[in-house]
Amino acid sequence: MEQKKEIIKVEDIKRDYVVGEETVHALRGVSFTIYEGEFVTIMGTSGSGKSTLLNMLGCLDTPTSGEYYLDGISVRKMGKNERATLRNRKIGFIFQSYNLLAKTTAVENVELPLMYNPNVSAKDRNERAIKALTQVGLGDRLNHKSNQMSGGQMQRVAIARALVNEPVIILADEATGNLDTRTSFEILTLMQKLHQEEHRTIIFVTHNPELAHFSSRTIVIRDGRIKSDTQNSDIKSAQEVLQTLPKEEE
Amino acid sequence: MNIVNLFKIALRALNGNKFRGFLTMLGIIIGVAAVIAMLAIGQGSKKSIQDQISTMGSNMINVRPGTGQFGGVRQSASSMQTLKLEDYEAIVEQAEYITDATPEVSSSGQVIFGANNAPTTVYGVNPSYLDIRKYTISEGEMFSDEDVKTSAKMCVIGQTVVENLFTNGEDPIGRTIRFNKIPMKIIGVLASKGDNTMGMDQDDLILAPYTTVQKRILAITYIQSIAVSAISEDATESAIASIEEILRQRHKIGIGEEDDFNVRSQKELISMMSSTTDMMTILLACIAGISLLVGGIGIMNIMYVSVTERTREIGLRMSIGAKGVDILMQFLIEAILLSVAGGIIGVVLGIGSAYIVKNILLWPIDIQLYTILLSFVVCSATGIFFGWYPAKKAADLDPIEALRYE
């Protein structure tokens with residue numbers, strides 16, 4: 001295997017929570033490395049520790065012990081503000097419930113991460129937002145407000161928002177969880193396209209084992225430990241699945 | 001974080017909730033409008049009193065004999081005979097910061113012309129009296145210093161006296177009237193000044209040379225008071241000090257002893273008269289200030305609800321890179337924008353209602369720039385003060401918890 005750039009390197013991270021008198025071990029020592037251009041599914045049931053792991057990877061939380069390098073930068077000893085800036089420059093989040101700002105246009109929603117980056121001018125911000133929206137196929141809905149859009153469209157806006165800051169990694173948390181089957185595959189198709197055509201590094205967190213077939217690698221978490229970490233040689237195309245699905249009645 | 005972006009973010013957030021924003025501002029709008037209108041009315045009545053007093057000569061100083069004792073019997077000030085013509089001369093020669101001075105003696109009595117008679121007061125003065133008391137001659141002329149020396153039987157009369165005596169519209173100039181049986185020839189008529197603050201008719205008077213009044217009417221040698229004009233209103237304090245020193249020296253009053261005279265300026269009268277309206281203004285402003293405070297609490301209340309309601313939004317903003325301070329600033333700016341916008345509307349409304357009061361109730365108003373500036377400062381301070389706590393609460397949220405908030 002050729003030497004690729006390490007985007008994420010996790011070394012034996014543990015995370016304990018103190019709830020009342022008890023200590024809960026949410027992560028009990030997890031290690032893996034994710035290289036540039038991988039599409040990784042992190043799978044686990046609820047309570048497996050996958051949400052905790054996602055918080056770590058997203059720099060929203062820091063491990064109790066162990067090291068985490070994002071794009072070569074050690075996150076463990078960073079303060080809140082440093083992590084906020086790191087998230088702003090290096091990470092794109094996609095959430096299950098889209099988390100778009102209410103009564104706000106698509107462009108304004110997508111611009112949001114750049115608003116917190118003082119190095120980006122207003123003109124640049126607008127151009128990049130339009131480019132990202134065009135990328136996800138919403139070039140014709142730039143000024144639609146979030147409450148005038150369908151779930152699939154809202155998730156596309158959210159994906160555009162995750163792309164707009166040119167992150168090194170996209171973290172999708174149950175990104176298809178709120179969508180019907182057809183729309184789910186549409187979103188998956190978009191993610192695969194981003195992975196294959198633009199070589200984006202994507203981590204897709206889900207509890208749905210079916211989705212693992214569409215990524216290049218699957219990490220299964222159980223009880224705070226990695227249960228399996230496998231490369232997927234036979235990647236299914238979401239596009240093809242989409243074509244087998246019955247067309248919606250017009 | 002760039003402050004322009006923060007303003008944009010705050011404006012976009014406010015834009016999404018216009019009606020609520022307006023309701024929140026309403027408290028501030030009413031508070032500021034009330035403060036502006038109340039202060040305008042309070043200041044207005046104060047100013048109208050001041051204006052009236054200054055028509056009597058705002059730089060005027062009055063020297064009167066003080067109360068004193070004769071053989072253990074305390075005397076009233078008017079019966080004191082301690083003020084002499086020499087005191088007047090000493091003031092004219094030595095006092096600093098003064099322009100003019102006149103001795104004053106007065107006598108009340110009936111004035112008679114033909115078949116008409118009327119009660120009035122004759123004031124014995126010198127020609128400077130006109131300048132000191134801000135009177136002007138409308139017809140004829142004032143008597144001269146020469147007339148004072150010769151105790152001439154001449155006089156100048158006010159409009160009320162003209163109306164009372166010359167009922168058939170005769171020209172008063174050149175006529176001779178009798179005051180307490182003393183005949184006096186009218187050589188001039190004063191322009192009307194109307195009533196003073198206390199409601200006294202300032203036109204009901206006769207001016208005559210003080211020597212005439214002293215010798216021919218009152219038969220006295222002392223003078224009842226001295227009217228002095230200072231070079232300006234601001235110089236009255238210094239002029240008073242100078243006059244007091246001269247008089248203490250002349251009356252041989254030692255240190256620590258009670259003066260046998262009183263020196264008063266119109267300024268004191270103004271401050272005395274204004275103290276009531278000042279108190280009223282303060283009371284009105286207090287009531288208005290309380291409504292501003294209630295408005296501020298309204299902002300805090302809404303911001304607090306808004307933070308809770310927008311917990312997920314805050315979580316999202318944090319996850320995509322907003323620092324705690326960015327969130328703090330956003331909510332603080334929202335609060336300040338609300339209060340300052342409310343303040344601007346309030347100022348307009350306050351000025352508007354003050355003018356309505358002026359035009360409909362015909363009350364005097366006086367809007368001063370400082371009251372407007374003050375309202376703005378108070379508004380921004382209210383926004384910061386009452387916006388801080390909710391904003392801090394938002395900034396301290398944990399992004400993980402906030403994102404999961406239902």
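The model is predicted, and the values below are computed from it. In the predicted model, 20 residues of chain B are in contact with 22 residues of chain A. Within chain A, six strands form an open sheet with mixed pairing, and helices H5(A) and H6(A) have axes that come within 10 Å.

**Contact between the chains**

- On the side of chain B that touches chain A, at least two residues are supplied by each of helix H1 (3–15), helix H10 (311–319), helix H11 (324–361) and helix H13 (399–404) of chain B.
- H10(B) gives the largest share of that side, namely five residues.
- Sorted by class, the side of chain B that touches chain A consists of eight nonpolar, six polar and six charged residues.

**The sheet of chain A**

- The open sheet of chain A has the strand order E6-E7-E8-E3-E9-E10, and its pairing is mixed.
- Strand E6 (91–94) and strand E10 (225–231) of chain A each have a single partner strand and stand at the edges, so one side of each is left without a neighbour in the sheet.
- From one strand to the next, the twist averages 15°.
- Strand E9 (residues 217–222) of chain A runs antiparallel to E10(A), and six bridges join the two; on the E10(A) side, A:Asp229 is the bridge partner of A:Ile219.

- Leaving aside residues up to four places away in sequence, B:Ile177 touches B:Val111, B:Ile112, B:Phe113, B:Leu165, B:Met184 and B:Ile186.
- Although B:Ile177 and B:Val111 are 66 residues apart in sequence, their C-alpha atoms are 6.9 Å apart in space.

**Helices H5 and H6 of chain A**

- The axes of helix H5 (residues 151–163) and helix H6 (residues 181–198) of chain A come within 10 Å and cross at roughly 20°, which makes H5(A) roughly parallel to H6(A), given that angles under 35 degrees are classed in this way.
- The crossing in which H5(A) passes H6(A) is right-handed.
- H5(A) contributes A:Gly151, A:Gly152, A:Gln155, A:Arg156 and A:Ile159 to the contact, while H6(A) contributes A:Thr183, A:Glu186, A:Ile187 and A:Leu190.
- By class, the residues of this contact of H5(A) with H6(A) are three nonpolar, four polar and two charged.

Note on methods. Residues numbered from 1 in each chain as written. Chains lettered and ligands numbered in written order. Predicted model: local features only at pLDDT ≥ 70, side-chain atom pairs only at ≥ 80, totals over all residues. Contact = placed C-beta atoms within 7 Å. Helix = DSSP H or I, 4+ residues; strand = E, 2+ residues; numbered from the N terminus. Nonpolar A, V, L, I, M, F, W, Y, C, P; charged D, E, K, R; others polar. Pairing = 2+ DSSP bridges. Axes fitted to C-alpha atoms, helices over the stretch in contact; angles between N-to-C directions. Parallel < 35°, antiparallel > 145°, perpendicular 65-115°, else oblique. Left-handed = near helix turned anticlockwise from the far one by under 90°.
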